[in-house]
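Colleague: I would like to learn how to read a few features in this model. Please take them one at a time.

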Amino acid sequence: MKLNVLIPLIFAVVFLMIDIAMLIRMIYLLKKSKDDTVENLGKKLNPYLNATGVVSILMTIFMIIVIVTK
């Protein structure tokens, strides 16, 4: 495999694993706090939602850079 294909593939897999880990953690948190209020649950989930958004933005920026440099 060429290096210009392998590097974006590795970064995409890493970003996807981070997104999956955040999703699993959010599902675990939802199941753990069944009797919690919506406000408290939102406060607990907010950091995970922000981290997922940041990772998605980083993946998009990286893919744009890869396409532009080709």
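Modeller: Start with helices: they are DSSP runs (H or I, at least four residues), numbered from the N terminus. Asp 19 is found in helix α1. A word on the source: this is a predicted model, where local features need pLDDT of at least 70 and side-chain atom pairs count only at pLDDT 80 or more, while totals for chains, interfaces and linings use all residues. Residues are numbered from 1 along each chain as its sequence is written, and side-chain values use heavy atoms, leaving out hydrogens and water.

Colleague: Is Asp 19 buried or exposed?

Modeller: Buried means under 20% relative accessible area, exposed over 50%, partly exposed in between (1.4 Å probe, protein chains only). Asp 19 is buried, yet has no salt bridge. A salt bridge needs a side-chain nitrogen of Lys or Arg within 4 Å of a carboxyl oxygen of Asp or Glu. Lys and Arg count as positive, Asp and Glu as negative; His and the chain ends are not counted. The nearest side chain of opposite charge, Arg 25, is 14 Å away.

Colleague: What does Asp 19 touch?

Modeller: Contact means heavy atoms within 4.5 Å. Leaving aside residues up to four places away in sequence, Asp 19 touches Thr 52, Val 55 and Ser 56.

Colleague: How many aromatic pairs are there?

Modeller: A pair of aromatic rings is described by the distance of the centres and the angle of the planes. Rings of Phe, Tyr and Trp (its six-membered ring) pair if their centres lie within 6.5 Å; planes under 30 degrees apart count as stacked, over 60 as edge-to-face and the rest as tilted. A search of the whole structure finds 2 pairs. Phe 11 and Phe 15 have ring centres 6.2 Å apart and planes at 35°, so this pair is tilted. They sit 4 residues apart in α1 (residues 3–32), about one helical turn. Phe 15 is buried at 12% relative accessibility; Phe 11 is partly exposed at 37%. Phe 11 also forms a tilted pair with Phe 62: 4.5 Å centre to centre, 45° between the planes. Phe 62 lies in α2 (residues 38–69), so that pair ties together parts 51 residues apart in sequence. Phe 11, Phe 15 and Phe 62 form one aromatic cluster.

Colleague: Which residues of α2 are buried?

Modeller: Leu 41, Leu 45, Tyr 48, Val 55 and Val 66. What covers them includes α1.

Technical notes:
Helix = DSSP H or I, 4+ residues; strand = E, 2+ residues; numbered from the N terminus.
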